[in-house]
Amino acid sequence: MHSIKRSILLGAFIAAAAISSNSWAQAYPTKPVTIRVAFPAGGTADVFIRQILPRMQAELGQPLMVENLSGAGGAIGAVNVLKAPADGYVVAGHTNDVILTPLAMASAQYRPNQFRMAAALGLSDMLLVARPSMTAHTLAELVDYSKTLPNGLSLAHQGPGSSSQLAGDDMKAASGLKAAGIPYKGMAPLVQDLLGGHVDIGFIPLGMATVAMVQQKKLIAIGIAAAKRNPVLPDVPTLSEAHPERPVLHRQWIGLLVPRATPDAIVQRLNKAVTEAVLSPEFQKFASEGGVITLAMSAKESDDFYNAEILKYGDLARQTNLQPQ
């Protein structure tokens, strides 16, 4: 009899806790939400996240604030979010570098599976660009020129394990280009030094600002790391056109992530707000003008996508013998 009573009481307690948890999650948010972008202001991730804020804020009914916490390939911002309560009020704005950085940096102090993706915004092809004064305008010319220099070209990237560094190493292996990597804290300072001619080449993700800089000849587009040319820059060849037997394919995604312990109902709420913003005509126009593929996935689809990315980059790290340094 006593065991039956204990079972009934335990069941009632669990049910009450579940109802309380769901009610708390359904009330979310009751105060401002902070999105901590792991890169400097003005970079691709920062620009895209700020673009969805008005629609997302209207859906959530609370103010949204963006804070930029850059450095260590995005690890500083990632760790900061993981230290906050898993209640949906501190969210990470990140890219696939959140997975790549711990594979290359022993000091990253987090694991990618400590996060789950609440919602994805879009996918950008990576574009190899050169400073405006560069005399080489094709990959073949760039390779030949690099071999005339004692130390090769300077190749800007966002730090060890970043998508821009990975694309650079892959391109060097495929083409024979001679270049030394120069790390930056984020895409914005990297682009500024390319524009100023302080660094020779670098991979940057497509977006409206990227397209405008190429069209205005502020940067020279060498090639795109994609299977086919992008319609917004139809005259820019793919890097694989020069080496079809050794394709160079790299993209960068942008998404909002939360600690994995965040209640599912809160993740669903965030996902709905982001998805409505991504599907809005304003954001669709913004993305298409930058040659970006928008992503509108459910919370489960977003997390499945994220987990698949973890497996993909883990396999790549093993294949290339990438070790945390």
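This is a predicted model: local features need pLDDT of at least 70, side-chain atom pairs count only at pLDDT 80 or more; totals for chains, interfaces and linings use all residues.
We begin with the helices. Helix H2, which covers residues 44-60, packs with helix H9, which covers residues 264-278, at an angle of about 135°, and their axes lie 8 Å apart. That angle makes H2 oblique to H9, and the crossing in which H2 passes H9 is right-handed. On the side of H2, the contact is formed by Ile 52, Arg 55, Met 56, Glu 59 and Leu 60, while H9 contributes Arg 269, Leu 270, Lys 272, Ala 273, Val 274, Glu 276 and Ala 277. Of the residues in this contact between H2 and H9, seven are nonpolar and five are charged, whereas none is polar.

Because buried means under 20% relative accessible area, Ser 162 counts as buried at 1%. Its side chain makes a polar contact of 3.2 Å with the side chain of Ser 164, and, when residues up to four places away in sequence are not counted, Ser 162 touches Asp 97, Leu 100 and His 157.

The last stop is Gln 252, a residue of strand E9 (residues 251-259). Gln 252 has a relative accessible area of 4% and is therefore buried. Leaving aside neighbours within four places in sequence, the residues in contact with Gln 252 include Thr 44, Asn 96, Asp 97, Gly 122, Gln 158 and Pro 205. Ser 163 is also one of these contacts, and the side chains of Gln 252 and Ser 163 are joined by a polar contact of 3.2 Å.

Definitions and conventions
Residues are numbered from 1 along each chain as its sequence is written. Side-chain values use heavy atoms; hydrogens and water are left out. Axes are lines fitted to C-alpha atoms, for helices over the stretch in contact, and angles run from 0 to 180 degrees between N-to-C directions. Helices (H or I, at least four residues) and strands (E, at least two) are DSSP runs, numbered from the N terminus. Angles under 35 degrees count as roughly parallel, over 145 as roughly antiparallel, 65 to 115 as roughly perpendicular and the rest as oblique. A crossing is left-handed if the near helix is turned anticlockwise from the far one by less than a right angle, and right-handed if clockwise. Contact means heavy atoms within 4.5 Å. Ala, Val, Leu, Ile, Met, Phe, Trp, Tyr, Cys and Pro count as nonpolar, Asp, Glu, Lys and Arg as charged, and the others, Gly among them, as polar. Buried means under 20% relative accessible area, exposed over 50%, partly exposed in between (1.4 Å probe, protein chains only). A polar contact is a pair of N or O atoms within 3.5 Å; within protein, one must be able to donate a hydrogen and the other to accept it, and residues adjacent in sequence count only if both atoms are side-chain atoms.
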